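Please look over the sequence and the structure below.

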Amino acid sequence: MTRPMVVRFGALGDMVLMTVAIRLLHRRFGLPVDVLASGAWTRPLLAGQPGVGEIYLLRSRRQPFWLDPDQWRLLRQLKKRGAGPTWLFDALKADKVRWLLQRAGWRPEQLLTVEELPHIRGEPFCERWRRFALLGPAPAGEAAPGASASDSAARDAADAVPRLRVPAQGRAELDGLLARHALAGRPLILVQAGNKRTMRRGSPRRRSNTKYWPEDRWAAVLRTLRSQHPEHALLLLGVTREAALNGEILALAQIADAHNMAGESSVTQLLALAERAFGLISVDTGSAHVAAAVGCPVLVLYHSPDAQRIYAARAGAAPAIHLTGGTDQGPSLLGLTPEQVMAGWRRLVAEREVAMSECKRLIL
């Protein structure tokens, strides 16, 4: 039987959330699930994860096929792989992918599109993707679709939490990174202030950037963290283009032992860093979902209750605290104060201690 495949051209956090569907499809079919995606970081994020098979990448769907050797290469790979049941997670811009798959031998009935899934307003993506993974013909040996399959999924609520395994390579690379910064063996608190919207052209304070939280507020949080956790190193994360933002925050904070790590860690190092960290404070972005998926306690800032409900980072046994902003002008992080964020952090630390005590009790 040909392995199932999922197609998702999402950002980092989107791909983390999709792992709940991969896990369910892997259990249903008893086979690894292949992935077709776009980001170069997809392979280090998902390769070797439980239930994940081959990973195929397509950098762009915008180029005409006849002008894009990347699409030619993918078509050859798909023909060699062979057609099988495939879940298309992207509602927009799916025509090019559907065309490529059918050209590679897929029949229309083998392609399940997210448009076939009845919409439930406000449904979290983890639940939505699990419902999507239950669509399609039942694999051999599975009970016929219906109440039994749905009941089984409902009983396994814990399976609606994304989980990522930290590769040994990531841990080894992280050891080297921390050693270069004289941080080996130090307790770490992570901070993710930037996101894709904030780093686009134009002022980060524009009204459309609902995920922007001012630099002076981040600086106030850093100063309080330094006061409450004098032994911890504070690491500001991000991609390379977020280094300037982190630098502005650190210049305002004027504290010791705070480090601008933007652009310095790979995806595998980020997995290992989150696994090792005391906790993370982040806007709603990919780093928060990665951290939660490896069991790092997370405090995540959302611009609206709807965003929190739909995109909430889930941390399984580790605590996750979600704060929402909002102002009279609409959804925005500007409704949150540093005092509210630090109150959320204190809740997170308290819940972290309870979780660790319970873990020790079970071990003993």
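In strand β9, Ser282 is the bridge partner of Gln192. Gln192 belongs to strand β6 (residues 188–192), which pairs with β9 (residues 279–283) in the parallel sense over four bridges. Two strands count as paired if DSSP finds at least two bridges between them. The model is a predicted one: local features need pLDDT of at least 70, side-chain atom pairs count only at pLDDT 80 or more, and totals for chains, interfaces and linings use all residues. Residues are numbered from 1 along each chain as its sequence is written, and side-chain values use heavy atoms, with hydrogens and water left out.

**Strand β6 and its neighbours**
- Val191 has Ile281 as its bridge partner in β9.
- β6 and β7 run parallel and are joined by four bridges, with Ile189 opposite Leu234 of β7.
- Five of the five residues of β6 are buried, which leaves the strand mostly covered; buried means under 20% relative accessible area, exposed over 50%, and partly exposed in between (1.4 Å probe, protein chains only).
- Leu188, Leu190 and Gln192 point one way from β6, while Ile189 and Val191 point the other way.
- In a regular strand the side chains alternate between the two faces of the sheet.

**The six-stranded sheet**
- The strands of this open sheet come in the order β8-β7-β6-β9-β10-β11, and their pairing is parallel.
- At the edges are β8 (258–260) and β11 (320–324), each of which pairs on one side only.
- From one strand to the next, the twist averages 15°.
- Strands of a sheet pair through backbone hydrogen bonds, either parallel or antiparallel.

**Helices across the sheet**
- Helix α9 (residues 243–253) lies across β7 (233–236) and β8, at about 155° to β8.
- Helix α11 (residues 286–293) lies across β6, β9 and β10 (298–302), at about 150° to β9.
- Axes are lines fitted to C-alpha atoms, for helices over the stretch in contact, and angles run from 0 to 180 degrees between N-to-C directions.

**Strands β1 and β2**
- β2 (residues 33–37) is largely enclosed by the rest of the structure, because five of its five residues are buried.
- Val33, Val35 and Ala37 point one way from β2, and Asp34 and Leu36 point the other way.
- β1 (residues 5–7) runs parallel to β2 and is joined to β2 by three bridges; Val7 has Leu36 as its bridge partner in β2.

**The cavity**
- There is one cavity of 30 Å³ or more; a cavity is a set of points on a 1 Å grid over the protein atoms alone where a 1.4 Å probe fits but cannot get out.
- The largest cavity has a volume of about 40 Å³, the volume being the space filled by probe spheres set on the points, which are joined across faces, edges and corners.
- Its lining residues, which have an atom within 4 Å of a point, include Val7, Phe9, Arg61 and Asp90.
- The lining divides into six nonpolar, no polar and three charged residues; Ala, Val, Leu, Ile, Met, Phe, Trp, Tyr, Cys and Pro count as nonpolar, Asp, Glu, Lys and Arg as charged, and the others, Gly among them, as polar.

**The whole protein**
- The protein has 13 helices and eleven strands, which are DSSP runs numbered from the N terminus (helices H or I, at least four residues; strands E, at least two).
- Of the 364 residues in the protein, 52% are buried.
- Among contacts (heavy atoms within 4.5 Å) with a separation of 6 or more, 65% join residues 24 or more positions apart.

Key. On a 1 Å grid over the protein atoms alone, a cavity is a set of points where a 1.4 Å probe fits but cannot get out, and a pocket is an open set with protein on both sides within 12 Å along at least five of seven lines; lining residues have an atom within 4 Å of a point.
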